[in-house]
Amino acid sequence: MIDRRTALKHLGGAASALALTDTIVARALPTGQAVAAPAAPLVGPFTLPPLPYAYDALEPSFDAETMHLHHDKHHQAYVNNLNAAVAANQELSGKTVDELVANLNSWPESARTAVRNQGGGHANHSFWWPTLGRGGAAPSGELAKAIDAKFGSLASFQDKLTAAALSVFGSGWAWLVKLPDATVAIETTPNQDSPLTVGYKPVLAVDVWEHSYYLKYQNRRADYVKAFFQVLNWDHVSGQFAQKA
Ligand code: MN3
């Protein structure tokens, strides 16, 4: 039996060897315009889901320029590169992006790096955008109970998630995940590795790639993580938690 937590920590030995293409021109969505929520995940070819709020909706915590670059260029590049990998590997077709990353070891070795990095990038960001947006000041319902049971208090959880986010060396993510026994745990992943690959359901996350914060916060990742808590959509996250089996 594989120790999944150890596996998750060790998943990221190999850094991405694939350069991101950066050819997409930022989409000209007027500031302040409301955007429809993203549709249910579709099989490839994949498309960039629109932000479920305006680019400036998270100001001043997350600035609009960073949101444009992060969503329109970085996330779009993962989508483009994943589509190229699916086009080149018949085995990957007909799957949702979550199915691709959850079953990483099922794919041909030649396609695995692309699924892990580009598929992971698409899955992680598609998960992440709707968890932001200022809904509610605290978790509710089953998620509130799970956080209290594990960490004792919301403040203690926030301290521990912050510490985890600051501990990621280089690029990666800090997560609150739901385990198969319905309890929660904090995990970190390097690069674009997804908790789905080891069977954990993401509940909420902090993207600690420098592209998330460098324009506004430069090297001050701690300030960025503090700002993250100001724009975390607890209502959405709490609602999703109850639905994750
Ligand atoms: Mn990112």
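**Helix packing and local backbone features**

Gln218 is found in the loop between helix 7 (214–217) and helix 8. In this predicted model, the backbone of Gln218 has a positive phi of about 50°, although the residue is not a glycine. With a relative accessible area of 30%, Gln218 is partly exposed. A second residue of this kind is Ala182, which sits in the loop between strand 1 (172–178) and strand 2 (184–190). Ala182 is not a glycine either, and its phi is positive, near 75°. Its relative accessible area is 42%, so Ala182 too falls in the partly exposed class.

The secondary structure of the protein comes to 9 helices and 3 strands. Read from the N terminus, the order of elements is α-α-α-α-α-α-β-β-β-α-α-α. Of the 245 residues of the protein, 49% count as buried. Among contacts between residues at least 6 apart in sequence, 69% join residues at least 24 apart.

The loop between helix 1 (4–10) and helix 2 holds Pro60. The peptide bond that leads from Glu59 into Pro60 is cis, with omega near -5°. Tyr55 lies in this loop between helix 1 and helix 2 as well. Tyr55 has a relative accessible area of 3%, and therefore counts as buried. From Tyr55 to Thr66 the C-alpha to C-alpha distance is 8.8 Å, for a separation of 11 residues in sequence.

Helix 4 deserves a paragraph of its own. This helix covers residues 109–128, 20 residues in total, and reaches 27 Å from its first C-alpha to its last, close to the 28 Å expected at 1.5 Å a residue. Because 15 of its 20 residues are buried, helix 4 is largely enclosed by the rest of the structure.

Next comes the packing of helix pairs. Two packed helices are described by the angle between their axes and the distance between the axes. For helix 2 (residues 64–88) and helix 4, the axes come within 8 Å and cross at roughly 140°. The two helices are therefore oblique to each other, and the crossing of helix 2 and helix 4 is left-handed. On the helix 2 side, the residues that meet helix 4 are His70, His75, Ala77, Tyr78, Val79, Asn81, Leu82 and Ala85. Their partners in helix 4 are Ala114, Asn117, Gln118, Gly119, Gly121, His122, His125, Ser126 and Trp128. An α-helix has 3.6 residues a turn, so residues three or four places apart point the same way.

The axes of helix 6 (residues 154–167) and helix 8 (residues 221–231) come within 10 Å, again crossing at roughly 140°. Helix 6 and helix 8 are therefore oblique to each other. For helix 6 and helix 8 the crossing is right-handed. Helix 6 contributes Gln158, Leu161, Thr162, Ala165 and Leu166 to the meeting, and helix 8 contributes Arg221, Ala222, Val225, Phe228 and Phe229.

Leu154 lies in helix 6. At 22% relative accessibility, Leu154 counts as partly exposed, since buried means under 20%. Leaving out residues up to four places away in sequence, Leu154 touches Ala137, Ala138, Pro139, Ile147, Asp148 and Trp234. Leu154 and Ala144 are 10 residues apart in sequence, and their C-alpha atoms are 8.1 Å apart in space.

Trp234 is also a contact of Leu143, a residue placed in helix 5 (residues 141–151). Leu143 is buried, with a relative accessible area of 0%. When neighbours within four places in sequence are set aside, the contacts of Leu143 are Leu176, Val203, Trp234, Val237, Ser238 and Phe241. Although Leu143 and Trp234 are 91 residues apart along the chain, their C-alpha atoms are separated by 9.5 Å.

Terms used:
Residues are numbered from 1 along each chain as its sequence is written. This is a predicted model: local features need pLDDT of at least 70, side-chain atom pairs count only at pLDDT 80 or more; totals for chains, interfaces and linings use all residues. Side-chain values use heavy atoms; hydrogens and water are left out. Helices (H or I, at least four residues) and strands (E, at least two) are DSSP runs, numbered from the N terminus. The expected span of a helix is 1.5 Å times one less than its number of residues. Buried means under 20% relative accessible area, exposed over 50%, partly exposed in between (1.4 Å probe, protein chains only). Axes are lines fitted to C-alpha atoms, for helices over the stretch in contact, and angles run from 0 to 180 degrees between N-to-C directions. Angles under 35 degrees count as roughly parallel, over 145 as roughly antiparallel, 65 to 115 as roughly perpendicular and the rest as oblique. A crossing is left-handed if the near helix is turned anticlockwise from the far one by less than a right angle, and right-handed if clockwise. Contact means heavy atoms within 4.5 Å.
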